[in-house]
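Here's a walk through a structure, one piece at a time. Keep the 3D view open as you read.

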Amino acid sequence: MRTMSLAVARRTALAAQGFADPRPDGPVTRRHLQRVLARIRLIQLDSVNVAVRAHYAPLFARLGAYDPALIDEAAWSHSARRPRLLVEYWAHEASLVPVQDWPLLQSGAKRPGWWRGYGRLAEASPGLVDDVLAVVKELGPVGAGTIEKELTGPSKRSPGAWWERSEVKKICEWLFGMGQLTTGTRRGFERLYDLTERVIPPDVLSRQVDAAEGARGLIARSAEALGVATEPDLRDYYRLSPQASQQAVAELVEEGTLEPVRVAGWRHQAYRHHRARTPRAVPGRALLCPFDPLIWERARTERLFGFHYRIEIYVPEPQRTYGYYVFPFLLDGELVARVDLKADRTAGVLRVPGAFAEPDADHGRVAAELAGELALMAEWLGLGGVAVGERGDLAGALRAVLGQHS
């Protein structure tokens, strides 16, 4: 078994996530989106919109400025000329995944998520399940609020049945989790439910995959997206059970898809995907949102980069170390800084309440590169500029580069 240095493992992981690919010189197209999806396999959704919605940020990190409608059209619209590329489902968390991966996620390889607790309500109220499906079939894509009004208002559809609004929403989420409903489109960030059969192409929907094959397929995709990883890393990407993941890893090793390796400094056995590449260097820069797949597994982030990172949204403000919504800054293959970001649309600026350099970082160079990336992000978000606050040991250098005074 060969041993990889930490630097080699890091470059392998960055290449697998698409950071060794140069950003496009011209307009970002659907082809560029597909290239990124072939690398990262899924895009996490999150409701926080302090700087930018989480599902838009990973493409900006890898491709630079692009039209967010590119993702919107790929996920929430469909035409004969441009078929849907992405569908919503619980993968890592709530995520956008390639339509072609739907059978793997529905194979039984994944354990049912938090919505399984609503199964008791579904069993106790089969009429409510039927009523929700009937409303979606007639009106979909349709929001939970409209479904609730149809089933709980004065002109409710089921004579004698008075469903509670909270029960309607729970059944919508249970049907979503079970794969009978998915997101037909979104209005703002509101999910509009539709029948899965109207969203997923028939040839994909009819493809039958058993749980073992599904687990192998998902772990293989995890390995391609991570490059080199421990079994728990591979398992976490799609949130598989230890048993399903360990069996899939063993089978993928046997068939040659995964190569067991040691990574210097890692306690656990690692696995390298047989197609993973290791570039000699990974130049370039990127701002990584808290839900970027490169860093969402915090223990792996620390192992790879020596970078201790925790999201502090739920930490009381006086107890926060770095800020509310902090983006790590990747520069030439290293995580060298972190910035707290907020898009202030009223003032028309991208606010940086705090900027912090990692130990041994070259403040001058990091500030110059970070200022350039923040200016690009501000322009991408339609904001007039960047306003740097006082917090953090990098704030002064960043203000100086941007020509701002305390």
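Let's begin with the cysteines: searching the whole structure turns up zero disulfides. Keep in mind that this is a predicted model. A disulfide, after all, is a covalent bond joining the sulfur atoms of two cysteines.

Next, find helix α13, residues 242-255. With 14 residues at 1.5 Å a residue, α13 should span 20 Å, and its end C-alpha atoms do sit 20 Å apart, so the two agree. Which residues of α13 are buried? They are A244, S245, A248, V249 and L252. Look down the axis of α13 and these buried residues fall within an arc of 125°, so they line one face of the helix. Q243 and E254, on the other side of α13, are exposed. The cover over the buried residues includes helices α11 (211-226) and α12 (231-238), along with strands β9 (258-263) and β10 (270-273). Just after α13 comes G256, with a positive phi of about 95°.

Now for the sheet. Five strands make an open sheet with mixed pairing, in the order β11-β12-β13-β14-β15. At the edges stand β11 (285-287) and β15 (385-391); each has a single partner strand, so one side of each lacks a neighbour in the sheet. On average, neighbouring strands here are turned by 30° against each other, ignoring direction. Zoom in on β13 (residues 334-344) and β14 (residues 349-357), which pair in the antiparallel sense over seven bridges. D340 has its bridge partner in β14, namely G354.

How values were computed
Residues numbered from 1 in each chain as written. Predicted model: local features only at pLDDT ≥ 70, side-chain atom pairs only at ≥ 80, totals over all residues. Heavy atoms only, no water. Pairing = 2+ DSSP bridges. Helix = DSSP H or I, 4+ residues; strand = E, 2+ residues; numbered from the N terminus. Axes fitted to C-alpha atoms, helices over the stretch in contact; angles between N-to-C directions. Disulfide = S-S within 2.5 Å. Expected span 1.5 Å × (residues − 1). Buried < 20%, exposed > 50% of the residue type's maximum accessible area, 1.4 Å probe, protein only. Arc of directions from axis to C-beta. Contact = heavy atoms within 4.5 Å.
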